[in-house]
Amino acid sequence: MLQHLIDRIRQEGAIPFEVYMELALYHPVGGYFTGERLRSVQDGDFLTSPEVSPLFGETLAELVTREAAEAGLSRPMVVDAGAGSGSLLRPLLSVLGERADPWAVEVSPPARKALGELVGTQRVVDSLEGLPDTISGVIFANELLDNLPMALARRKADGWRELWVGETDGELGWVDAPARPEVEEWLESFAGPTPEGGMVECQLAAGRWVTEVLGRLTAGVLVVFDYGDTAQGLESRRAEGTLRTYRAHHLGPHPLSEPGRTDITADLNFTAVAEAARAAGANVSLHRQDDLLEDLGLTERIRTLRTQEAEHARAGDEMRRLETRSLRIGAETLLHPRGLGDFRVLIARRPDIDFTER
């Protein structure tokens, strides 16, 4: 991947960071997410909520049930965009069974194979274009939008300048470039107060993704889970920006150091995503992950697990006690107020199917 990028830059000149990021993460040959390794697993580079606990997917089955009842859908479509190996869909479907019509969107070849065994190969696609033109049900995007390509910009005394990627003597580096009009427009709308020298990730692709998804949604909701905050909530991080990499469950090297070998991500600007959803005609609400999961019954499930754990201890069944304890701890991790519980959740629904006003 590094050589591919060097060759391209030598032929075409410096490239915008979002082009670099798309190639490094999604190029068919050498892209981080398109190789033969599963990334979101215990021996991979990071874990998301579904890998932390199967109760994430089981709890979201209640959300699907509620939405299906409100929209009058007897068998709603359930789409997991960025489905990985199925760690969200598997427990969710263990609860819903035949009451759901499952689909998965995933770019990783080994992950698509695992998903095919779960939902059938005909319902596993590598992009949104492979989905039906109209969707009635629930579309989940868990820690997906933070990996969509984004532009980078720094605030200067006289305005915004972009960071592009260039090459010198076989090494990649930053190249100063004028801010393109669409980038500057997004920054002026969603960057918020930024000190001189501060860096902001311009997430145009995330907004386009939400627009495309809502263009297919005829009944039901889009549910986006991710780390990030509102534009106002991100203001304290503008001095250095939030761009970073992950490897082996720790912060990784510089984003330009090892393309194709590290996860590249940044905090999601939920104000910008919400605005894109509203512009697409949706009603939008924003929640914390812990609040949403508690509302869907996870806290009660944890209480039940504590009771079962004590019962197994009294009965001397150490194996079942440890299994129950592990399940309880994983569920509690989903609600940790300074960890996964602090993730944001955007729920977007079209006004003509908004049942909150009935």
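Hi everyone, let's start with a pair of strands. β16 and strand β17, which covers residues 344-349, pair in the antiparallel sense over six bridges. If you want one spot to look at, find Val284, which stands opposite Ala348 in β17. Do keep in mind that this is a predicted model.

Now let's step back to the sheet. How many strands form it, and in what order? There are seven, the sheet is open, and the order reads β4-β3-β2-β5-β10-β17-β16, with mixed pairing. Who stands at the edges? Those places go to β4 (124-125) and β16 (283-288); each has a single partner strand, so one side of each is left without a neighbour in the sheet.

Last stop: a pair of helices, α1 (residues 2-12) and α2 (residues 17-26). Their axes come within 10 Å and cross at roughly 145°, and α1 passes α2 in a right-handed crossing. Which residues make the contact? From α1 we have His4, Leu5 and Arg8, and from α2 we have Val19, Tyr20 and Leu23. Sorted by class, that contact has four nonpolar residues, one polar and one charged.

How values were computed: Residues numbered from 1 in each chain as written. Predicted model: local features only at pLDDT ≥ 70, side-chain atom pairs only at ≥ 80, totals over all residues. Heavy atoms only, no water. Axes fitted to C-alpha atoms, helices over the stretch in contact; angles between N-to-C directions. Helix = DSSP H or I, 4+ residues; strand = E, 2+ residues; numbered from the N terminus. Left-handed = near helix turned anticlockwise from the far one by under 90°. Contact = heavy atoms within 4.5 Å. Nonpolar A, V, L, I, M, F, W, Y, C, P; charged D, E, K, R; others polar. Pairing = 2+ DSSP bridges.
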